[in-house]
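Here are my notes on the model, as numbered points. Please read them with the coordinates open.

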Amino acid sequence: MITRSTVRTTDDHPVYGVAVADGRDMSRTAPLEWFAGRLRECRRRAGSPSLRALEELTQQLGRRYGRTSISDVLAAKSRPEWEFVESFVRACALFADASPTDLQRLDLDRWRQAHRRLLGELAYWRAGRRMASHAAAELRSTLPADVTPFVGRAEQLRTITRAITGQATSGGGAVSIHAIDGMPGVGKTALAVHVAHRVRNQFPDGQWFVDLHAHTPGLDPVRPADALTTLLLGDGADPGALPADLDARVAMWRDRTADKRALLILDNAVSSAQVEPLLPAGPGWLVLVTSRRHLGDLPAGTVPVPLDVLPPDQAERMFTTQAPGAAGDPAAVAELVALCGYLPLAVSLLARLSATHPTWTLGDLIAETRARLLTATAESSSVAAAFDLSYRALSPGRQRAFRHLALHPGTEFDPPAAAALLGVPLVEATGHLDALHGDHLLVERGYRRYSLHDLLRSYAGDLVATEVAADTERAVDRLFDHYQHAAALASAHMARQARPACSVCPAPAPVAPWDAVPEPVGVEAGPVTGGPADAGVDVAGALTWARTERHNLLACLARAADPRRVVALTAGLAELLRRDGPWADAVALHTAAATAARALGDDLARANALTDLGTVQRMKGDYPEAARALDEALDLYRTAGDRLGRANALTYLADVHRMTGDHARAIPLLDEALADFRAAGDRLGQADALTYLGIVRHYTGEYPHAEEALDRALDLYRDLGDRRGQANALAFLGKVRTRRGDGTGALDACLEALDLYRSLDSRLGQANMLCDLSVLRRTTGDLAGAVQASTTALDLYVGLAVRGGETEAHNELGVVHRLGGDLSRARAHHHRALLLAREAGRPWDEATALAGLGRCALASGDTQDAATRLGQALDLFRRIGAADAAGVEAELAGLVSD
């Protein structure tokens with residue numbers, strides 16, 4: 001055991017110094033394992049406390065972590081948040097007999113640096129690398145793979161890296177923006193990506209790449225509002241909190257980026273007007289903008305980085321680096337790169353031709369290039385000649401593959417999608433992609449994800465346009481079938497409840513057509529996989545696949561003309577849209593799907609689309625429209641005699657009534673849903689309906705019935721192994737037991753739920769439980785603990801942009817500060833809660849805020865204001881049938897009697 005006398009605040013501290021010990025390159029091991037090793041070493045130096053001891057110590061320090069959560073982090077199975085690291089290290093110090101003074105003096109800056117490095121490395125692994133865990137996938141780092149080897153541009157690299165170094169030294173006062181412009185094929189994107197990879201460790205909060213598609217054939221330039229949607233959702237914003245107008249999205253983006261240190265590449269921009277709304281606010285940002293045009297209207301301080309063709313010596317070095325066998329004939333190399341106009345794209349293509357065709361002499365290549373230059377009519381004759389030479393050197397099958405890839409409506413594709421488009425086995429499609437990438441005709445955006453350079457896409461599009469229309473239409477249909485089936489399978493894995501099958505959307509086959517196959521000979525990477533079926537059919541794998549393919553799925557939907565396709569693709573997107581939004585777009589898509597289903601005369605498909613529509617409108621807070629859509633779906637399900645669909649619609653409709661305070665209407669709907677789920681043999685549906693029933697009865701004050709329903713739900717969830725369901729049921733059990741005066745039972749339920757939410761990495765669940773723990777702590781007189789819990793909950797809610805939770809946390813803080821005698825703070829929190837509740841149309845929260853303001857007035861001696869506020873609260877509580885009405889009524893009666 002380490003004694004108190006050994007606890008120090010210097011680098012050799014037995015707990016603190018380990019954060020930077022073993023400073024070898026993290027790339028030798030997975031980032032999570034690297035950091036977990038630091039934590040394990042910290043535990044060892046502290047005397048190897050047991051998991052139970054660590055659980056008790058973290059609780060003693062005010063932020064309890066269960067043994068499962070601690071074990072998962074130490075085993076590198078989950079990513080630790082900073083709060084966990086801080087609690088864990090302090091717990092180890094406490095176990096090592098640290099005094100309160102020692103704990104206060106404990107300097108955790110190095111641990112914070114190590115944690116930030118972990119996040120940066122996880123972000124880097126997100127781009128083109130297989131990750132150690134699903135936790136890594138949640139970090140939105142989207143850099144394409146680096147160009148290797150990268151040749152030249154030393155002056156431009158120095159310009160950008162000097163600015164970054166100066167920014168770090170001075171502390172930085174503004175975003176560092178560098179605008180890289182130049183002609184097509186000059187290497188703008190390659191330079192930006194290479195810089196990003198060189199400096200990525202300096203930007204631990206993320207590295208982002210957004211293609212604005214200024215010149216992508218077949219696509220319109222990305223609207224700033226749409227680009228902001230991508231950035232905000234990737235940053236973890238709640239889809240329901242995304243404002244509709246551009247100015248409000250800009251404000252949200254700049255607010256969320258103000259205190260981050262991150263990197264953003266805005267590639268292929270059409271104008272300054274497209275870029276300006278996307279610029280972050282924090283001085284810790286580096287922004288690299290690429291465009292064919294000089295963007296002179298960007299903010300003052302923007303550093304222009306103009307790119308011209310390569311100097312002759314750099315062009316020659318690029319050629320011989322990629323074609324080492326040509327180094328023995330420098331004169332021929334000089335002539336070839338001159339024929340390329342010293343343009344990097346053309347140089348790279350011809351170098352690859354030379355390297356892959358050893359029977360060609362450089363003289364042969366020079367002759368071929370001169371001949372193609374004579375017939376080139378494209379914007380850049382040297383690029384057109386290189387394209388033509390590269391294409392004609394391909395085998396007929398590979399030429400067809402190259403042409404048909406231009407038919408893909410999106411901008412990225414993987415081997416399974418290519419196999420569907422080409423109508424060939426997966427192994428053959430993978431061989432084509434690898435070969436085309438090796439010939440520099442494809443860009444690898446990530447692990448086995450490819451795209452075509454805009455110029456090559458245009459060239460391939462011109463070629464495929466000459467083919468028989470029926471052949472290309474069949475190719476596109478195969479691709480759409482692939483995405484439709486894959487999306488249905490992913491949605492089935494992600495969805496909490498099964499949806500009724502219909503003629504347009506039959507239940508997906510349990511085995512996807514892109515199952516893993518043996519690796520093709522000569523390919524060095526791991527097995528070729530694709531689709532959620534290969535991810536262990538788990539929710540995380542399905543969600544990762546759906547998020548990766550989101551833009552492709554939406555591009556297919558935008559191109560779909562057949563109403564059956566519209567209905568099926570939208571259904572496949574439903575669960576992703578529910579989770580990620582933006583919900584305004586989801587409403588438009590589901591409305592279109594319902595219209596298409598009506599035209600087909602498929603009532604079940606229409607009912608499913610209306611249920612999806614009502615679900616999203618409920619999440620948006622548009623309760624009248626949600627009720628209308630769900631009522632219509634319910635009528636269709638009843639007519640069709642579909643009990644599963646009816647049970648789903650009844651459950652969602654009941655929740656709409658709960659959210660609007662109409663508990664009397666919600667309860668019979670849930671009773672009916674429960675009966676339908678039982679008849680359909682759907683145990684998960686029964687558990688969900690019982691949970692909703694327990695929640696509603698909690699609000700109406702029927703606490704014994706509420707506890708009974710939640711206990712039954714919890715038993716079902718445990719039998720099913722549904723940890724999220726268990727956490728949700730336990731969360732409300734904690735609330736019900738608190739109301740019944742069972743403080744011990746409430747605390748047990750809350751702590752178990754909190755541990756589950758942490759193991760699920762659910763920040764929203766953790767925030768909810770911290771709010772509930774605040775209630776428990778203040779009822780036992782621990783006001784300081786209550787303030788800490790509710791303040792942490794509020795921070796989480798604000799970070800997640802969850803307005804409902806933010807409202808509850810403000811009301812709870814108002815109560816705690818009032819009990820502590822700080823009426824000014826109490827009023828401020830209740831006023832903020834009142835404003836948020838009225839904006840969101842949440843009557844229970846509004847009434848709670850009014851009651852809180854009334855109690856503050858009463859505490860300050862203003863009985864008139866107290867009576868007014870409490871009376872307003874009573875009216876609202878009565879209108880929604882809330883149990884809180886009785887308490888407020890008693891308070892008012894007391895005022896009158898006084």
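1. Tyr342 sits in the loop between helix 14 (330-339) and helix 15 (344-356). Helices here are DSSP runs of H or I with at least four residues, strands are runs of E with at least two, and both are numbered from the N terminus. Tyr342 has a positive phi of about 60° although it is not a glycine. Most residues other than glycine have a negative phi. Tyr342 is partly exposed, with a relative accessible area of 24%. The scale is this: buried is under 20% relative accessible area, exposed is over 50%, and partly exposed is in between (1.4 Å probe, protein chains only).

2. Asp97 also deserves a look. Its phi is positive, about 75°, and Asp97 is not a glycine. The residue is in the loop between helix 4 (82-95) and helix 5 (100-105). Asp97 is partly exposed, at a relative accessible area of 38%.

3. A word on provenance. This is a predicted model, in which local features need pLDDT of at least 70, side-chain atom pairs count only at pLDDT 80 or more, and totals for chains, interfaces and linings use all residues. Residues are numbered from 1 along each chain as its sequence is written, and side-chain values use heavy atoms, with hydrogens and water left out.

4. Confidence next. pLDDT is the predictor's confidence in each residue, from 0 to 100. The chain averages 82, and 87% of the residues score at least 70. Over residues 19-29 the pLDDT is below 50; this stretch has 19 contacts in the model beyond near neighbours in sequence. A contact means heavy atoms within 4.5 Å. Residues 123-139 also stay under 50, and the model has 47 contacts for them beyond four places in sequence.

5. Five strands form an open sheet in the order 2-3-4-1-5, with parallel pairing. Strand 2 (207-211) and strand 5 stand at the edges with a single partner strand each, so one side of each has no neighbour in the sheet. Neighbouring strands are turned by 15° against each other on average, direction ignored. Two strands pair if DSSP finds at least two bridges between them. Axes are lines fitted to C-alpha atoms, for helices over the stretch in contact, and angles run from 0 to 180 degrees between N-to-C directions.

6. Six bridges join strand 1 to strand 4 (residues 286-291), in parallel. There, Ala179 stands opposite Val289, and Asp181 has Ser291 as its bridge partner. Strand 1 pairs with strand 5 (residues 303-306) over four bridges, also in the parallel sense. His178 stands opposite Val303 in strand 5.

7. Helix 9 (residues 188-199) lies across strand 1, strand 2, strand 3 (263-269), strand 4 and strand 5. It runs at about 165° to strand 4.

8. Packing. A nonpolar core is a set of buried Ala, Val, Leu, Ile, Met, Phe, Trp, Tyr and Cys residues joined through side-chain atoms within 4.5 Å. The largest has 183 residues; Ile265, Phe319, Leu350, Phe402 and Leu405 touch the most other members. Beyond four places in sequence, Phe319 has contacts including Ala326, Leu350 and Leu365. A second, separate core of 31 residues includes Tyr65, Ile70, Val73 and Leu74.

9. Salt bridges. The rule is a side-chain nitrogen of Lys or Arg within 4 Å of a carboxyl oxygen of Asp or Glu. The count comes to 47. Asp676 and Arg643 form one, with the closest N and O atoms 2.8 Å apart. Asp676 lies in helix 30 (residues 663-679) and Arg643 in helix 29 (residues 643-659), so the pair ties together parts 33 residues apart in sequence. Asp676 is buried at 2% relative accessibility, whereas Arg643 is partly exposed at 37%.

10. Within helix 29, Asp655 and Arg658 are three residues apart, about one helical turn. Their salt bridge has its closest N and O atoms 2.7 Å apart. Asp655 is buried at 4%, and Arg658 is buried at 16%.
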